Amino acid sequence: MKIHHEGYKIIFITTLVVAILGYLCYQFIPNDYTKSFLLVCLAIELVWTISFFRVPARETLEIKNAIVSAADGKVVTIEEVEETEYFKGKCLMISVFMSPFNVHVNWYPMNGKVSYTQYHPGKYLAAYNPKSSTLNERNTVVVTNNEGKSVLMRQIAGVMARRIISYAKKGDVARQGGEFGIIRFGSRVDFFMPTDVKLEVKIGDKVKAKQSVLARF
């Protein structure tokens, strides 16, 4: 397992702040129980920050005609919706909620080319709120395969998330399991796909990026 480079600065700042606060606690708090409690809390905060930016050494299961999850998390929504940004029609939407304890790196769900990208500034509603898909800060990436079938992924910021990072650019070659971005802290990824796909998950399922199949063409 390695640490994502987008986390280096945050981890450095957190380590510095934790070290300073830890020193102040040790020097100026006389009660041993209070001191120990605060020091443990600071240590937990540092460990959590480091673990948030972890990138697991995970094998990519390249599966033909499969739409593999781009994110770790829990399936919270499966429904037919009207997608107005790119498809402009009926789509099947699968939403994966990423808690602050999940891996937050995002990977391409299938092979193809990036046919569309668009960043949208917005609010920071709770990521599980249905309105977050259209009101929150978000970034849209569409991958189209050789057969002309497309999947739209929408990275959505949550209450804690304050920055969506995407490396995908229109015309890029997308390889199933290849990294295209990361969302800092709790968030969500919505997947929009044709309504005639064969669904492979249900609400409540926990999925792993690069390995769990959401649906098949």
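1. Contact, as used in this note, means heavy atoms within 4.5 Å. Leaving aside neighbours within four places in sequence, Phe191 is in contact with Ser69, Ala70, Ala71, Leu92, Met93, Ile94, Val96, Leu152, Met153 and Leu214.

2. On provenance: the model is predicted, local features need pLDDT of at least 70, side-chain atom pairs count only at pLDDT 80 or more, and totals for chains, interfaces and linings use all residues. Residues are numbered from 1 along each chain as its sequence is written, and side-chain values use heavy atoms, with hydrogens and water left out.

3. A nonpolar core is a set of buried Ala, Val, Leu, Ile, Met, Phe, Trp, Tyr and Cys residues joined through side-chain atoms within 4.5 Å; buried means under 20% relative accessible area, exposed over 50%, and partly exposed in between (1.4 Å probe, protein chains only). The largest such core has 29 residues, and Phe191 is among those with the most contacts inside it, together with Ile94, Tyr108, Val141, Met153, Phe180 and Met193. Two or more residues each come from β5, β8 (138-144), β9 (150-157), β12, β13 (187-193) and β16 (213-216), with the largest share, four residues, coming from β5. Another core, of eleven residues, lies apart from it and includes Trp48, Phe53, Val55 and Trp107.

4. Strands (E, at least two residues) and helices (H or I, at least four) are DSSP runs numbered from the N terminus, and two strands pair if DSSP finds at least two bridges between them. An open sheet of three strands runs in the order β6-β12-β10 with antiparallel pairing. Because β6 (105-107) and β10 (164-166) stand at the edges with a single partner strand each, one side of each has no neighbour in the sheet. Between β6 and β12 (residues 179-183) there are three bridges in the antiparallel sense, and Trp107 stands opposite Glu179 in β12.

5. Glu85 lies in the loop between β4 (73-83) and β5 (89-98). Its relative accessibility is 17%, so Glu85 counts as buried. The Glu85 side chain makes a polar contact with that of Tyr116 at 2.9 Å; such a contact is a pair of N or O atoms within 3.5 Å, where within protein one must be able to donate a hydrogen and the other to accept it, and residues adjacent in sequence count only if both atoms are side-chain atoms. Not counting residues up to four places away in sequence, Glu85 touches Tyr116, Gln118, His120, Thr140 and Arg154.

6. Glu147 is placed in the loop between β8 and β9. With a relative accessible area of 58%, Glu147 is exposed.
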